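Here is a structure to look at for the first time.

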Amino acid sequence: MENAPKGAKFVVHYADRLFMPVGDDDVRFSELLDPDTWHDPETGITNNIDVETGDDQEITGIYATQTKLVILKSKSYYYIRGYLPEEWEKDKVSGDIGLP
């Protein structure tokens with residue numbers, strides 16, 4: 001994983017990829033079954049999920065279940081469902097958790 005994103009706090013395996021939160025709002029993901037490639041080989045664009053920009057919350061955790069990726073922020077959490085990026089659905093499950 002020498003090409004993995006720098007500054008990641010966590011790493012989790014989901015849908016045959018690795019996922020790493022980087023910064024407050026972004027989750028980077030590897031190519032399918034390739035933990036050393038973190039960008040689209042055809043376009044060179046970084047594989048990234050923008051969780052929720054500008055909400056003044058940091059990503060505090062990430063974990064995978066059999067059917068979804070769960071991204072935890074300071075006062076909210078999100079589900080990512082699906083196997084391939086073009087199938088992924090991002091849902092904000094709650095924006096009212098955590099301490100005031």
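Q: Why is Thr-37 called buried?
A: Thr-37 has a relative accessible area of 16%. Buried means under 20%, exposed over 50% and partly exposed in between, with a 1.4 Å probe and protein chains only. So Thr-37 counts as buried. The model is predicted: local features need pLDDT of at least 70, side-chain atom pairs count only at pLDDT 80 or more, and totals for chains, interfaces and linings use all residues. Residues are numbered from 1 along each chain as its sequence is written, and side-chain values use heavy atoms, with hydrogens and water left out.

Q: What makes the link between the side chains of Thr-37 and Asp-34 a polar contact?
A: The two side chains are joined at 2.6 Å. A polar contact is a pair of N or O atoms within 3.5 Å; within protein, one must be able to donate a hydrogen and the other to accept it, and residues adjacent in sequence count only if both atoms are side-chain atoms. Thr-37 lies in the loop between E3 and E4. Helices (H or I, at least four residues) and strands (E, at least two) are DSSP runs, numbered from the N terminus.

Q: Which residues does Thr-37 touch, leaving aside its neighbours within four places in sequence?
A: They are Ser-30 and Glu-31. Contact means heavy atoms within 4.5 Å.

Q: Why is Lys-73 called buried?
A: Its relative accessible area is 2%, so Lys-73 falls within the buried class. Lys-73 lies in strand E6. Its side chain makes a polar contact of 2.9 Å with the side chain of Asp-25. Beyond its neighbours within four places in sequence, the contacts of Lys-73 include Asp-24, Glu-52, Asp-55 and Tyr-78.

Q: Why does Ile-97 count as partly exposed?
A: Ile-97 has 32% relative accessibility, so it takes the class in between. Ile-97 is found in the segment after strand E8 (89–94). Setting aside residues up to four places away in sequence, Ile-97 touches Ser-74, Lys-75, Ser-76 and Tyr-77. The C-alpha atoms of Ile-97 and Phe-19 are separated by 23 Å.

Q: How do you know that E1 and E2 pair?
A: Two strands pair if DSSP finds at least two bridges between them. E1 and E2 have three, in the antiparallel sense. Tyr-14 stands opposite Arg-17 in E2. The two strands form a hairpin with two residues between them, and Ala-15 in the turn has a positive phi of about 50°.

Q: What joins the other strands of this open sheet?
A: The order is E1-E2-E3-E4, with antiparallel pairing. The edge strands are E1 (12–14) and E4 (48–50), each pairing on one side only. Four bridges join E2 to E3, and Met-20 has Arg-28 as its bridge partner in E3. E3 (residues 26–29) and E4 pair over three bridges, with Val-27 opposite Ile-49.

Q: What makes strand E2 mostly covered?
A: Six of its six residues are buried. Arg-17, Phe-19 and Pro-21 point one way, while Leu-18, Met-20 and Val-22 point the other. In a regular strand the side chains alternate between the two faces of the sheet.

Q: Why is the pair of Tyr-14 and Phe-19 called tilted?
A: Rings of Phe, Tyr and Trp (its six-membered ring) pair if their centres lie within 6.5 Å; planes under 30 degrees apart count as stacked, over 60 as edge-to-face and the rest as tilted. The structure holds five aromatic pairs. In this one the centres are 6.0 Å apart and the planes at 55°, so the pair is tilted. Both Tyr-14 and Phe-19 are buried.

Q: What makes the pair of Phe-29 and Trp-88 edge-to-face?
A: The planes stand at 75°, with 4.8 Å centre to centre. The pair links distant parts of the chain: Phe-29 is in strand E3 and Trp-88 in the loop between E7 and E8, 59 residues apart. Phe-29 has a relative accessible area of 7%, so it is buried. Trp-88 is at 16%, so it counts as buried too. Tyr-14, Phe-19, Phe-29 and Trp-88 form one aromatic cluster.
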